[in-house]
Amino acid sequence: MGKYISPRALTITCAELEDFVANYLDGSLPATKRLQLERHIDECHACREFLAAYRRTVWVAKKALQCSSGPAKAPEALVQAILRSLNQ
Amino acid sequence: VLGDNAKRTEIPLVQQLRSGDRSATERFVREHAGWMLVLAQRYVKDAALAEDCVQEAFLQAFRNIGEFQGRSALKSWLYRIVVNAALMKLRSRHCAIERPFDDLLPEIDRDRCRTDTSWVEMAAPDAILERKQVSQLVAAKLMELPDCYRIVLLLRDIEGLSTEETASVLATTEGAVKVRLHRARAAFKVLVEPVLRQYV
């Protein structure tokens, strides 16, 4: 007979998913926890949506900062102040 | 490590800067001060403080130009210097009043289940974010996050530092970085979703 494994040990709660999600996305979550998290996502529609939105959020932040800051020109007064301080 | 093209253009430039060539120095300052100012402003959220950061970053860069080994591009080297200058400024500023934050975090009930049903995937196609007006509104939402969360998000998700590097830069623990990063992403999502919804 195999060792009995409680059904609770096979998955995690929504609250625990909150704790683990950042590590899950950067690949640093230990294998056992990763499996538990993936099992939870399979079963929990709200967390599945949450994870998809969370991933997208990381991408949105990157993309917005890339697109919002085009070529920038420093004010002439700043350039002159820098040059003065460098030449002292 | 610098590629061949960069070596051809950057190594002679570095030699000119080291020798105190005024014309090369001015070209160098004009080429880099603009993006450095934008970067510093993301961290300190204040135009005058950001200008101070850029000025201090240039002073530091020129003090240490003799140690520049060419292992990275000059721009990456300057990037790190200006981010460090901005973080130093933030450390010395303790007076910022920041918006309450808990209402932006996901809701979990007593049974440890998610109750927040607003977590649906954001419709944010590339084309929408490529519109400058939209990307600027979204970037402005990032600036609404409290400093200690916004900085972690910038360092981890935008600058690409590892958790360990971020913890070291901020003189905190990796655990604290992970918690703040998660809360920052979650709050940013709540702040930014209504903006994107207007344009989809």
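Analyst: In this predicted model, B:Leu49, B:Asp52, B:Cys53, B:Val54, B:Glu56, B:Ala57, B:Gln60 and B:Ala61 of α3(B) are in contact with B:Trp77, B:Leu78, B:Ile81, B:Val82, B:Ala85, B:Ala86 and B:Lys89 of α4(B). Contact means heavy atoms within 4.5 Å, and helices are DSSP runs (H or I, at least four residues) numbered from the N terminus. By class, the residues of this contact are 11 nonpolar, 1 polar and 3 charged. Here Ala, Val, Leu, Ile, Met, Phe, Trp, Tyr, Cys and Pro count as nonpolar, Asp, Glu, Lys and Arg as charged, and the others, Gly among them, as polar.

Helix α3 of chain B spans residues 47-63 and helix α4 of chain B residues 74-91; their axes come within 8 Å and cross at roughly 130°. α3(B) is therefore oblique to α4(B). Axes are lines fitted to C-alpha atoms, for helices over the stretch in contact, with angles from 0 to 180 degrees between N-to-C directions. Angles under 35 degrees count as roughly parallel, over 145 as roughly antiparallel, 65 to 115 as roughly perpendicular and the rest as oblique. The crossing of α3(B) and α4(B) is right-handed, that is, the near helix is turned clockwise from the far one by less than a right angle.

A second pair in chain B is α7 (residues 147-158) and α8 (residues 163-170), with axes that come within 9 Å and cross at roughly 135°. α7(B) is thus oblique to α8(B), and this crossing is right-handed. In α7(B), B:Ile151, B:Val152, B:Leu155 and B:Arg156 meet B:Thr163, B:Thr166, B:Val169 and B:Leu170 of α8(B). That contact has 5 nonpolar, 2 polar and 1 charged residues.

B:Arg156 also forms a salt bridge with A:Asp26 (3.1 Å, N to O). The pair runs from helix α7 of chain B to the loop between α2 (14-25) and α3 (31-43) of chain A. A salt bridge is a side-chain nitrogen of Lys or Arg within 4 Å of a carboxyl oxygen of Asp or Glu. Between chain A and chain B there are 3 salt bridges, including B:Glu130 with A:Lys63 at 3.0 Å between the closest N and O atoms.

Across this interface, 47 residues of chain A contact 50 residues of chain B. The two chains bury about 4,200 Å², 67% of it on carbon and sulfur atoms; buried area is the accessible area (1.4 Å probe) lost on being put together, summed over both parts.

Residues are numbered from 1 along each chain as its sequence is written, and chains are lettered from A in the order written. Local features need pLDDT of at least 70, side-chain atom pairs count only at pLDDT 80 or more, totals for chains, interfaces and linings use all residues, and side-chain values use heavy atoms, without hydrogens and water.

Notes
Helices (H or I, at least four residues) and strands (E, at least two) are DSSP runs, numbered from the N terminus.
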